[in-house]
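Hi everyone, thanks for coming.

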Amino acid sequence: MNTLDNDNKTLIVRNLKGGYKTEYGYVRAVDGVSFDVYPREIVGIVGESGSGKTTLLKLICSGGRIPPLFLEEGDIIMDGINIVKLGWNEFKSKILGKKVAYVPQAAYDAIYPYKRIWQFYEDILREIGISVNKENEDQIKQHLIECFKSLGLDPSLINRYSFELSGGMRQRAVIALIASLRVSLPLLDEPTSALDVVTQKRVLEFIANIFREGYVKSVIISSHDVATLRQIAHRMLVMYAGKIMETAKVEDIIAEPLHPYTQLLIKSLEAFEGFKSRKEYKPKVIYRELANIYTMLTITGCRFHPRCPYAMDICRKEEPPTIKVDRDRTVACWMYMKR
Amino acid sequence: MEPLLEMRNVSKHYISGYIKTNIIPAVIDVSLTLNRREILALVGESGSGKTTLAKIILRLIKPSKGEVILGGKDIYSYPEKDYYLKVQGIFQDPYTSFNPIKPILSTLMDAVMLRFKINKIDRDKAVKIIESTLIRLGLNPMEILNKYPYELSGGQLQRILIARAYIIEPDLLLADEPTSMIDASTRLSVLNALFQLNEEKGTSIIFITHDLSQAFYVADKIAVMYKGRIVEYGERDEVLSKPRSEYAKSLLLSIPRLSRRWFNV
């Protein structure tokens with residue numbers, strides 16, 4: 001996959017910096033993020049709340065055009081087009097709903113409550129420049145029904161209101177709408193965090209399904225749970241305080257996490273992994289927790305050092321560079337710097 | 001040994017509609033016993049009636065049928081204040097469990113007042129009790145006491161709620177999905193605080209969750225609920241090694257695990 005040139009990548013993000021402009025000043029939530037997404041690949045972004053996952057996804061899908069979101073610098077290149085440099089109209093007609101679409105964490109927010117799903121779909125089509133009239137209505141409706149059927153959803157759903165559906169059903173309906181538009185890169189923001197485990201499995205299978213059937217080219221999916229992403233992602237990005245700490249193939253990251261933060265994320269699941277009881281397993285390293293997520297954006301040096309058990313002097317003074325340890329594996333930690 | 005809590009054939013139905021009424025059963029014929037110092041995990045998907053059951057025990061709703069017995073007496077025979085010294089609850093969303101305009105110190109002060117009655121304890125002594133409790137649970141009182149709830153993280157707030165229960169020393173704590181809104185990395189610290197409460201104060205805990213893997217870690221006994229009924233009930237090891245119901249088996253299979261992938265993508 002690495003031999004492909006830039007034009008063939010689905011998404012290239014370079015040195016992206018952005019955040020929110022608020023009354024109280026500017027908060028930079030994404031700080032110098034670079035990564036690529038290849039065709040036919042599911043990329044998982046993992047990190048705690050406040051680590052900048054949502055902001056990163058929102059920046060990619062809007063180019064920082066919608067306040068209070070603000071893009072300082074950086075490039076977002078989708079299929080060879082730098083969306084940061086496009087004007088609003090061009091961006092809307094070429095990118096939004098065609099190349100990229102964003103599914104928010106709570107699908108409650110995604111569907112307009114006063115409209116049936118079919119009416120909502122009409123609105124989306126109008127927004128991206130396809131008008132629905134008497135001649136093509138049946139055809140478009142038929143297309144949507146076919147799409148719902150092939151993904152294993154009941155086609156009668158399109159005449160329902162969003163509040164008539166359960167949480168998992170609503171999440172799948174929204175993802176199906178995006179699939180039927182054949183968006184090349186859907187951005188799914190914590191699609192399963194509000195669902196119970198049985199429904200979660202169903203939704204993950206559904207995402208795998210739209211990927212397998214070729215409705216979408218690549219997928220970016222975010223979560224705070226490594227075990228959930230493990231089920232579906234090919235590659236993982238670990239984010240902390242607006243920076244990418246580690247990128248690697250999923251199998252590699254599970255087998256041998258390099259960054260101390262990744263180790264913490266995986267260690268926190270150890271207790272549940274082997275169905276141990278509380279008497280058998282006592283966590284050895286208790287990592288400290290930061291009182292306020294905003295303070296972690298203002299720390300000098302490596303941002304993880306106040307919680308890191310291996311923190312050295314250099315970690316407190318200087319920010320670690322991104323070190324390439326393997327062909328498709330990078331880590332931002334001083335421990336892996338060769339001297 | 002006499003059990004702490006006993007539920008005998010408890011049912012609860014809700015009535016919806018005005019002209020044409022529908023009866024919606026939420027909890028159907030549930031019987032449970034819980035001994036002192038035990039942790040029971042109540043597992044089930046959303047809509048299975050877990051929270052309704054918790055609310056019945058907390059006396060927030062009355063059961064339509066059956067009785068709940070705590071320490072040998074029906075729960076409705078206790079005066080309200082005495083009852084909440086014996087039974088406490090913590091909930092899913094820590095941000096809505098606090099009074100947003102009160103600093104943490106004043107919230108915890110209310111707990112001390114409830115425990116030791118207002119005139120019998122002076123302020124300095126109360127603050128001392130609060131500080132030592134927080135330190136015991138691995139929280140830094142200097143960092144926390146003068147802050148407001150919105151300034152703290154979800155994991156910390158959830159542990160402060162456990163500290164509140166630690167001060168009150170109830171016989172029974174109902175923990176309704178205390179970790180579902182918390183990041184995976186801080187989940188263990190909340191669970192640890194619960195275990196401390198259980199070990200040091202002897203509080204029995206009913207731990208409600210939808211995640212069977214967490215239930216196995218936390219509990220001595222497990223009850224699986226499905227559509228208002230208890231479909232599986234037994235000791236932890238029994239349920240893990242040979243689940244009897246089909247539903248419990250399917251729950252076991254839907255736990256995401258690091259070592260295994262469900263399907264190839």
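**Two chains, one step at a time**

Let's start with chain B, whose secondary structure comes to ten helices and ten strands. By helices I mean DSSP runs of H or I with at least four residues, by strands DSSP runs of E with at least two, and both are numbered from the N terminus. Before going on, please keep in mind that this is a predicted model: local features need pLDDT of at least 70, side-chain atom pairs count only at pLDDT 80 or more, and totals for chains, interfaces and linings use all residues. Residues are numbered from 1 along each chain as its sequence is written, while chains are lettered from A and ligands numbered from 1 in the order in which they are written.

How compact is chain B? Its radius of gyration is 19 Å, close to the 18 Å that the globule rule gives for 265 residues, so chain B is as compact as a globular protein of that length. That radius is taken over C-alpha atoms, and the rule is 2.2 Å times the number of residues to the power 0.38. Along the principal axes, the C-alpha atoms of chain B fill a box of roughly 55 × 50 × 45 Å. Of the 265 residues, 46% are buried (20 or more other C-beta atoms within 10 Å of the residue's own; 12 or fewer is exposed, in between is partly exposed, and C-beta atoms are placed from the backbone).

Now chain A, with eleven helices and twelve strands. For its 339 residues a compact globule would have a radius of gyration near 20 Å, and the 21 Å of chain A agrees. Its C-alpha trace spans about 70 × 50 × 45 Å along the principal axes, and 43% of its residues count as buried.

Please find the sheet in chain A: it is open, has eight strands in the order 6-7-8-3-9-10-12-11, and its pairing is mixed. (Two strands pair if DSSP finds at least two bridges between them.) Strand 6 (100-103) and strand 11 (323-326) of chain A stand at the edges with a single partner strand each, so one side of each has no neighbour in the sheet. Inside the sheet, strand 7 (residues 185-189) and strand 8 (residues 219-223) of chain A pair in the parallel sense over three bridges. One bridge to look for joins Asp189(A) to Ser222(A) in strand 8 of chain A.

Next, two helices: helix 5 (residues 167-180) and helix 6 (residues 197-212) of chain A pack at an angle of about 10°, with their axes 10 Å apart. Axes are lines fitted to C-alpha atoms, for helices over the stretch in contact, and angles run from 0 to 180 degrees between N-to-C directions. That makes helix 5 of chain A roughly parallel to helix 6 of chain A (under 35 degrees; over 145 is roughly antiparallel, 65 to 115 roughly perpendicular, the rest oblique).

Finally, where do the chains meet? In all, 39 residues of chain A are in contact with 37 residues of chain B, contact being C-beta atoms, placed from the backbone, within 7 Å. Which element of chain A gives the most to this side? Helix 6 of chain A does, with eight residues. Other elements giving two or more residues include helix 7 (226-230) and helix 9 (260-267) of chain A.

Definitions and conventions
Contact = placed C-beta atoms within 7 Å.
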